[in-house]
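Subject: Handing over a structure

Dear colleague,

I am passing a structure on to you, and below it you will find what turned up when I went through it. Please keep it open beside this message while you read.

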Amino acid sequence: PRELHVWNPFSQEASENLIKIVAESCRLCADADTSKNVEELIKKILDRINEGISSHLRPQTAFPPIPCVPKTTDPRKDDWKFCSRLWWKAIKFLVNLLKWTQIIDEGRIKEIAFRHIESNILPFLECSLKLPSTSTRGVDSSQLQAVSIWFLSLHNASVGMAK
């Protein structure tokens, strides 16, 4: 029996490989039937992306949602480290998502990206920016702060454009 492989939108390599395959399929689309098949494939890809966003903090199990904001304000504590790992996973997902703009309408990708940022990235960023500078002593937080400021400015710009 042939092994079934499901695309993981959190995987950079799998995403890049699928983008190449879909891009080549789009390039080779000459007739209406093939074009229709590619459109169906892109719809399935968008469904899987949306499923990835929804399930990032809400696994399809009987367990409660996973918190994206730690209860503690100490970055050296386990719950902070766990939320930080989830946050970086969400960043990786966002990077993979943005690669699809070469195939899928940029407006659709941006819409999905901003929803992902709001639900899976901003809560931890806002929490991390509220920390007093003494709480990060001994923890290299320069990357987190730089990315936090960049995302918040990106988010504020998108909100300004929507008004």
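At the start of H1, which backbone nitrogen does a side-chain oxygen of serine 11 reach? It is the backbone nitrogen of alanine 14, and the oxygen comes to within 3.1 Å of it. Please bear in mind throughout that this is a predicted model.

Of its 163 residues, 35% count as buried. Among the contacts between residues at least 6 apart in sequence, 68% join residues at least 24 apart.

Helix H1

Within H1, the residues Ser15, Leu18, Ile19 and Val22 are buried. These residues cover an arc of only 105 degrees around the axis, which means that they lie on the same side of H1. In general, an α-helix has 3.6 residues a turn, so residues three or four places apart point the same way. On the other side of H1, by contrast, Glu13, Lys20, Ile21, Arg27 and Leu28 are exposed.

Aromatic rings

A search of the whole structure finds five aromatic pairs. One of them is formed by tryptophan 80 and phenylalanine 124, which are tilted, with 5.0 Å from centre to centre and 50 degrees between the planes. This pair links distant parts of the chain, since tryptophan 80 belongs to helix H3 (residues 78–98) and phenylalanine 124 to helix H4 (residues 106–129), 44 residues apart. Tryptophan 80 and phenylalanine 124 are both buried.

Phenylalanine 124 also forms a tilted pair with tryptophan 87, at 6.0 Å centre to centre and with 40 degrees between the planes. Here too the pair links distant parts of the chain, tryptophan 87 in helix H3 and phenylalanine 124 in helix H4, 37 residues apart. Tryptophan 87 counts as buried because its relative accessibility is 1%, and phenylalanine 124 is buried with a relative accessible area of 1%. Taken together, ring pairs link Trp80, Trp87, Trp88 and Phe124 into a cluster.

Finally, there is a contact of another kind to look at: the charged end of lysine 89 sits over the ring of phenylalanine 10, at 4.7 Å from the centre of that ring.

Definitions and conventions:
Residues numbered from 1 in each chain as written. Predicted model: local features only at pLDDT ≥ 70, side-chain atom pairs only at ≥ 80, totals over all residues. Heavy atoms only, no water. Buried < 20%, exposed > 50% of the residue type's maximum accessible area, 1.4 Å probe, protein only. Helix = DSSP H or I, 4+ residues; strand = E, 2+ residues; numbered from the N terminus. Arc of directions from axis to C-beta. Polar contact = N/O pair within 3.5 Å; in protein donor to acceptor, adjacent residues only side chain to side chain. Phe/Tyr/Trp six-rings, centres within 6.5 Å; stacked < 30°, edge-to-face > 60°. Lys NZ or Arg CZ within 6 Å of the ring centre and 35° of its normal. Contact = heavy atoms within 4.5 Å.
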